[in-house]
Amino acid sequence: MNPRIAIVLGSTRTGRKGAEIAAWAQEIAKSRTDAEFTLVDLADHDLPLYDDPMPPMRRSTLPPPVRAWADAISSHDGYLFVTAEYNHGIPAALKNGIDQLYGEWADKAAAFVSYGVDGGVRAVEQLRQVLGALRVATVSAATSIGLFTDLAADGKPGPQQEKMLHATLDQLVSWSRALSAERHRAAIR
């Protein structure tokens with residue numbers, strides 16, 4: 001069975017470049033036959049700021065917007081995070097969305113498409129640390145897009161970024177498949 005992978009659009013900013021980049025990534029991903037890809041746009045989820053007195057791993061109930069977010073996330077075997085880099089870090093909305101959940105992320109794989117003035121590489125470094133604390137295995141390949149150097153005349157990333165995205169997806173699909181099989185084995189033990 002092919003793994004289900006969410007393309008998580010992590011910026012909610014007005015006028016964000018991420019929507020175009022996520023659409024580009026989804027177009028390329030959907031040409032593949034080794035996984036099922038779904039776009040999950042954080043902007044579609046009106047999440048409150050995380051302020052629950054209980055950590056996500058101990059909550060028994062979730063407020064309705066967080067429940068909808070949890071449902072959107074939990075059904076996937078892996079995640080391709082499309083993230084901007086704002087002030088050398090990840091968007092606050094993405095960090096808030098990640099922090100709202102715990103078990104929904106665990107024992108799955110993640111990869112990254114980042115963008116920014118310097119390609120968003122510092123945002124990816126931070127995401128690797130955050131996701132590692134949630135038991136998410138991040139693959140080594142990543143796709144970075146410099147907003148002033150890597151976009152073609154039509155506004156889409158160029159051929160080099162497409163090649164990087166395929167390498168990123170190769171690793172993500174492989175790891176998502178392996179971790180999915182392991183989760184299923186552990187569930188029947």
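Modeller: There are 14 salt bridges in the structure, a salt bridge being a side-chain nitrogen of Lys or Arg within 4 Å of a carboxyl oxygen of Asp or Glu. The model is a predicted one, in which local features need pLDDT of at least 70 and side-chain atom pairs count only at pLDDT 80 or more, while totals for chains, interfaces and linings use all residues. Numbering starts from 1 along each chain as its sequence is written, and side-chain values use heavy atoms, with hydrogens and water left out.

The helix in question is H1, residues 18–29; helices (H or I, at least four residues) and strands (E, at least two) are DSSP runs numbered from the N terminus. H1 has twelve residues and spans 16 Å from first C-alpha to last, close to the expected 16 Å, which is 1.5 Å times one less than the number of residues.

Glu20 counts as partly exposed because its relative accessibility is 46%, and Lys17 is partly exposed at 23%. The cut-offs are under 20% relative accessible area for buried, over 50% for exposed and partly exposed in between, with a 1.4 Å probe and protein chains only. Another salt bridge pairs Glu27 with Lys156, at 3.5 Å from N to O. This pair links distant parts of the chain, as Glu27 is in H1 and Lys156 in the loop between S5 and H5, 129 residues apart. Glu27 is exposed, since its relative accessible area is 52%, whereas Lys156, at 35%, is partly exposed.

At 18% relative accessibility, Arg16 counts as buried. Apart from neighbours within four places in sequence, Arg16 is in contact with Leu9, Ser11, Asp41 and Ala43, where contact means heavy atoms within 4.5 Å.

Within H1, the buried residues are Gly18, Ile21, Ala22, Trp24, Ala25, Gln26, Ile28 and Ala29. These buried residues pack against strands S1 (4–9), S2 (36–41), S3 (78–84), S4 (108–116) and S5 (136–146), and against helix H5 (159–188).

The helix partner can be described further. Two packed helices are described by the angle and the distance between their axes. For H1 and H5, the axes come within 11 Å and cross at roughly 60°; axes are lines fitted to C-alpha atoms, for helices over the stretch in contact, and angles run from 0 to 180 degrees between N-to-C directions. The crossing is right-handed, that is, the near helix is turned clockwise from the far one by less than a right angle, anticlockwise being left-handed. On the H1 side the contact is made by Trp24, Ala25, Ile28 and Ala29, and on the H5 side by Gln161, Glu162, Leu165, His166 and Leu169. The contact residues divide into six nonpolar, two polar and one charged, with Ala, Val, Leu, Ile, Met, Phe, Trp, Tyr, Cys and Pro counted as nonpolar, Asp, Glu, Lys and Arg as charged, and the others, Gly among them, as polar.

A further group of charged residues is Arg32, Asp34 and Asp170, which are linked in a network of salt bridges.
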